[in-house]
Amino acid sequence: MAFMHQKFVDVIPGCYRLTWQRVSLFLMATLLLSFACASQVHAHAVAEGDKGYIQEISGVNIIPFMYLGAKHMATGYDHILFLLGVIFFLYRMKHIALYVTLFAVGHSTTMLLGVYFNVGINSYIIDAIIGLSVVYKALDNVGALRRWLGFQPNTKIATVVFGLFHGFGLSTKIIEYNISPDGLIPNLLAFNVGVEIGQLLALGTILIAMSYWRRTTSFWRHAYAANVAMISAGFILAGYQLTGYFVS
């Protein structure tokens with residue numbers, strides 16, 4: 001993976017390399033956009049229909065919780081963006097499987113423990129951190145972290161750590177369900193299985209699209225722009241959530 005990063009960095013035109021000045025200007029623009037849209041900012045909310053249904057049932061309900069887990073992951077654009085960043089320069093299935101497993105271990109751990117011990121984090125804060133995880137991975141992809149820090153951060157450790165934060169995001173959403181303690185453990189495990197199913201579905205879609213894109217000559221020409229777009233999206237997501245936190 002380090003080789004792929006170096007190859008990519010070597011082909012970046014000098015005029016397009018990230019600079020602190022450009023990052024600062026972008027952050028200012030993002031913050032202005034976030035405050036301008038403050039009235040429309042909300043943390044990822046639980047769908048009212050799903051929330052009402054879960055609050056009305058009790059006991060073991062494997063299928064409904066699997067469905068909710070799969071739905072949340074498959075429609076969670078922040079999780080999908082992070083996954084895209086993780087596998088962007090991974091070609092071998094064993095490497096993809098390793099990083100996706102590390103991510104799954106991280107988010108499964110904090111999701112299960114967070115709900116079981118009723119430990120939630122403010123939705124706005126955790127979603128802002130998840131948005132910044134997208135920024136981190138995209139910056140890593142374009143070699144910015146190695147240039148700025150002078151060394152390559154361990155990508156495996158970073159994947160696990162951000163997986164832990166993503167798991168707290170999931171646990172926070174589940175706690176919002178106010179689910180019955182009756183059948184809690186089986187339901188949590190079912191939700192987690194659903195999350196993994198949704199993750200595999202999203203990952204499969206990404207891999208199919210990436211496999212076709214990588215066969216074209218445009219991949220290396222536009223890979224940098226794609227990661228810059230992910231950086232932008234991550235900053236905007238984080239800005240929205242932080243704005244929601246301060247104005248709520």
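In the predicted model, the chain contains eleven helices and zero strands. From the N terminus onward, the order of elements is accordingly written α-α-α-α-α-α-α-α-α-α-α. Of the 248 residues in the chain, 48% are buried. When contacts between residues at least 6 apart in sequence are considered, 88% of them join residues at least 24 apart.

The packing of one helix pair was examined in detail. Two packed helices are described by the angle between their axes and the distance between the axes. For helix α5 (residues 77-87) and helix α11 (residues 218-247), the angle is about 150° and the axes lie 11 Å apart. An angle over 145 degrees counts as roughly antiparallel, and α5 and α11 are therefore roughly antiparallel to each other. The crossing of these two helices is left-handed. On the α5 side, the contact is formed by Tyr77, Asp78, Leu81, Leu84 and Gly85, and on the α11 side by Met230, Ala233 and Leu237. Classified by residue type, the contact of α5 with α11 comprises six nonpolar residues, one polar residue and one charged residue.

The largest nonpolar core consists of 29 residues, and within this core Ile87, Phe88 and Ile96 have the most contacts. At least two core residues are supplied by each of α5, α6 (93-116), α7 (123-141), α8 (144-149), α10 (184-214) and α11. The greatest contribution to this core comes from α11, with six residues. With neighbours within four places in sequence set aside, Ile87 is in contact with Ile96, Val100, Leu203, Ile206, Leu207, Met210 and Arg214.

The relative accessible area of His166 is 0%. Residues under 20% relative accessible area count as buried, and His166 is therefore assigned to the buried class. Excluding residues up to four places away in sequence, His166 touches Asp78, His79, Phe82, Phe103, His107, Ile130 and Ser133. One of these partners, Asp78, also takes part in the contact of α5 with α11.

Methods: Residues numbered from 1 in each chain as written. Predicted model: local features only at pLDDT ≥ 70, side-chain atom pairs only at ≥ 80, totals over all residues. Heavy atoms only, no water. Axes fitted to C-alpha atoms, helices over the stretch in contact; angles between N-to-C directions. Helix = DSSP H or I, 4+ residues; strand = E, 2+ residues; numbered from the N terminus. Parallel < 35°, antiparallel > 145°, perpendicular 65-115°, else oblique. Left-handed = near helix turned anticlockwise from the far one by under 90°. Contact = heavy atoms within 4.5 Å. Nonpolar A, V, L, I, M, F, W, Y, C, P; charged D, E, K, R; others polar. Core = buried A, V, L, I, M, F, W, Y, C linked by side-chain atoms within 4.5 Å. Buried < 20%, exposed > 50% of the residue type's maximum accessible area, 1.4 Å probe, protein only.
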